[in-house]
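Have the 3D view handy and find each spot as you read.

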Amino acid sequence: MRTDKFKELRTELNESSKFVLGSNKVLQVALGKTDADEARTNLHLISQRLKGQVGLLFTSLSRAEVDEVIANFSHEDFARAGSRATEEFKLSEGPLENQLGPLSHTVEPSLRKYGLPSRLNKGVVELLADHTVCKENQVLDAHQAAILRVFGNKMAVFSLRLLAAWEDDEYEEIAADNGEEGDDEEIDFDAIDAEMA
């Protein structure tokens with residue numbers, strides 16, 4: 001999870017909302033796995049949605065306010081292994097630079113470890129031949145993701161998605177499922193009325 005951006009959101013909503021992330025099994029037991037052992041009516045339906053990278057949002061905000069907060073929370077970030085490349089990224093033969101200028105000589109051994117044909121020439125990191133790091137829509141491995149990070153190329157979006165809501169013993173399904181792995185890293189949330197807590 002991209003903790004820095006998420007921490008900012010938690011701080012911003014500290015007065016009205018609490019985010020709960022943790023073991024899905026523990027959260028399921030706390031809410032109740034079946035209608036026989038649920039803490040309040042229909043909470044077992046929320047419990048059934050706790051699969052994968054999900055959390056709970058306890059809030060006193062209105063549903064419209066929650067929808068707005070979630071819709072507006074989206075940040076570009078570096079892709080991780082397993083993400084899909086959003087564009088082709090190529091490096092040309094010669095001295096290597098990123099957005100800050102020439103690469104530091106200390107990075108060169110890592111670049112070689114990641115599979116780039118590079119060398120150090122009088123303190124300047126050079127690429128020995130043109131190299132395609134990734135092609136559009138290609139699933140990235142750990143080395144490709146690390147190279148993209150070195151060159152400051154952000155190919156992922158960190159966002160939140162509301163899966164379901166529970167308020168006054170009423171359950172509402174908002175998204176059909178937790179979705180599939182994709183280009184973006186998403187954390188799914190089930191919103192629960194704060195009066196329950």
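Which residues are linked with Arg 63 in a network of salt bridges? Keep in mind that this is a predicted model. The answer is Asp 67 and Glu 172, which join Arg 63 in that network. Across the structure, the count of salt bridges comes to seven.

- Arg 63 and Glu 172 meet through their side chains, with 2.8 Å from N to O.
- That pair links distant parts of the chain: Arg 63 is in helix H4 (residues 63-72) and Glu 172 is in strand E12, 109 residues apart.
- Arg 63 is partly exposed, at 31% relative accessible area, and Glu 172 is partly exposed too, at 39%.

- Asp 169 pairs up with Arg 40 in another salt bridge, where the closest N and O atoms are 3.4 Å apart.
- Asp 169 sits in the loop between E11 and E12, while Arg 40 sits in the loop between H2 and H3, so this pair ties together parts that are 129 residues apart in sequence.
- Asp 169 counts as partly exposed at 25%, and Arg 40 counts as partly exposed at 34%.

**A bridge inside one helix**
- Glu 108 and Arg 112 form a salt bridge too, and their closest N and O atoms are 2.7 Å apart.
- Both belong to helix H5 (residues 108-113); because they are four residues apart there, about one helical turn separates them.

- Most residues other than glycine have a negative phi.
- Asn 42 isn't a glycine, yet it has a positive phi of about 70 degrees.
- You'll find Asn 42 in the loop between helix H2 (24-31) and helix H3 (43-48), and it is partly exposed at 22%.
- Asp 168 isn't a glycine either, and its phi is positive at about 50 degrees.
- Look for Asp 168 in the loop between strand E11 (156-167) and strand E12 (170-173), where it is partly exposed at 49%.

**Around Asn 98**
- Asn 98 lies in strand E6 (residues 97-98).
- A polar atom of the Asn 98 side chain lies 2.9 Å from the backbone nitrogen of Leu 100.
- Leaving out residues up to four places away in sequence, Asn 98 touches Leu 103, Val 150 and Phe 151.

Key: Residues are numbered from 1 along each chain as its sequence is written. This is a predicted model: local features need pLDDT of at least 70, side-chain atom pairs count only at pLDDT 80 or more; totals for chains, interfaces and linings use all residues. Side-chain values use heavy atoms; hydrogens and water are left out. Helices (H or I, at least four residues) and strands (E, at least two) are DSSP runs, numbered from the N terminus. A polar contact is a pair of N or O atoms within 3.5 Å; within protein, one must be able to donate a hydrogen and the other to accept it, and residues adjacent in sequence count only if both atoms are side-chain atoms. Contact means heavy atoms within 4.5 Å. Buried means under 20% relative accessible area, exposed over 50%, partly exposed in between (1.4 Å probe, protein chains only). A salt bridge is a side-chain nitrogen of Lys or Arg within 4 Å of a carboxyl oxygen of Asp or Glu.
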